[in-house]
Amino acid sequence: GFRRRANVHPVDCIEDPKLAVAGLATAYAELDALPTQETRDALLIGFQSALDVSRDDAEELATLGQWFVNECKGPDAAVPRIARKLARMDGAQGLVSTMSVIGHVAKSNGRDPSEKQGEALTEIKRIFKV
């Protein structure tokens, strides 16, 4: 469901909101140091639940999400770029899906968001005008 175009940033090529949700949630998870296996599992469960996809599709979304983050040169730059793309494509539904996946990640950590994650949530809310 993704085609890269020459001379266009990969995030700008996203046409499916599920891919943007995957990238944004992956970036959020990576803001808390290196994600643990529990965090990765929580992302997959979150994708399956919030985006209504199979386990195989969730794993593919996780791989593409990680690639988007890498193409943005890290999670700090990925969060605002992907959030803006998602807001333009899917509006409030994109935010609902993303927050559902982030909720799964937060439960897996069992603690409050890190400072960077808190700042990312503030940035996401600003972009979605919440």
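Helices here are DSSP runs of H or I with at least four residues, numbered from the N terminus. I'm working from a predicted model.

**Entry 1: helix α1**

I began with α1, which covers residues 17-30.

Next I looked up burial in α1. Since 12 of its 14 residues are buried, the helix is largely enclosed by the rest of the structure. The buried stretch runs through Leu19, Ala20, Val21, Ala22, Gly23 and Leu24, then on through Ala25, Thr26, Ala27, Tyr28, Ala29 and Glu30. What covers these residues? I found that the cover includes α2 (37-51), α3 (55-71), α4 (75-109) and α5 (115-127).

I also checked the N-terminal end of α1. Asp16 caps it, with a side-chain oxygen 3.0 Å from the backbone nitrogen of Lys18.

**Entry 2: α2 against α4**

Then I turned to the pair α2 and α4. Their axes are 8 Å apart, and the packing angle is about 150°. The cut-off for roughly antiparallel is over 145 degrees, and α2 and α4 therefore count as roughly antiparallel to each other. The crossing of α2 past α4 is right-handed.

Which residues meet there? On the α2 side I noted Glu38, Thr39, Ala42, Leu43, Ile45, Gly46, Phe47, Ser49, Ala50 and Leu51. On the α4 side they meet Ser97, Ser100, Val101, His104, Val105, Ser108 and Asn109.

**Entry 3: Leu44**

I stayed in helix α2 for Leu44. Buried or exposed? Buried means under 20% relative accessible area, so Leu44, at 9% relative accessibility, counts as buried. Leaving out residues up to four places away in sequence, Leu44 touches Arg55, Ala58, Glu59 and Ala62. I also looked up its C-alpha distance to Asp56, 12 residues apart along the chain, and got 9.3 Å.

I looked for residues other than glycine with a positive phi, and I'm jotting down Asp52 and Lys73. Asp52 has phi near 55° and sits in the loop between α2 and α3. Its relative accessibility is 70%, so Asp52 counts as exposed.

For Lys73 phi is near 70°. Where is Lys73? The loop between α3 and α4 holds it. Lys73 is exposed too, with a relative accessible area of 74%.

**Entry 4: Asp32 and Arg111**

Last, I followed a contact between two loops. Asp32 is in the loop between α1 and α2, while Arg111 is in the loop between α4 and α5. With residues up to four places away in sequence set aside, Arg111 touches Asp32 and Ala106. On that basis Asp32 touches Asn109, Arg111, Ser114 and Gln117.

How do the accessibilities come out for the pair? Asp32 is buried, with a relative accessible area of 16%. Arg111 has 48% and is partly exposed.

I also looked up Arg111 against Thr98, 13 residues apart along the chain. Their C-alpha atoms are separated by 19 Å.

Technical notes:
Residues numbered from 1 in each chain as written. Predicted model: local features only at pLDDT ≥ 70, side-chain atom pairs only at ≥ 80, totals over all residues. Heavy atoms only, no water. Expected span 1.5 Å × (residues − 1). Buried < 20%, exposed > 50% of the residue type's maximum accessible area, 1.4 Å probe, protein only. Contact = heavy atoms within 4.5 Å. Polar contact = N/O pair within 3.5 Å; in protein donor to acceptor, adjacent residues only side chain to side chain. Axes fitted to C-alpha atoms, helices over the stretch in contact; angles between N-to-C directions. Parallel < 35°, antiparallel > 145°, perpendicular 65-115°, else oblique. Left-handed = near helix turned anticlockwise from the far one by under 90°.
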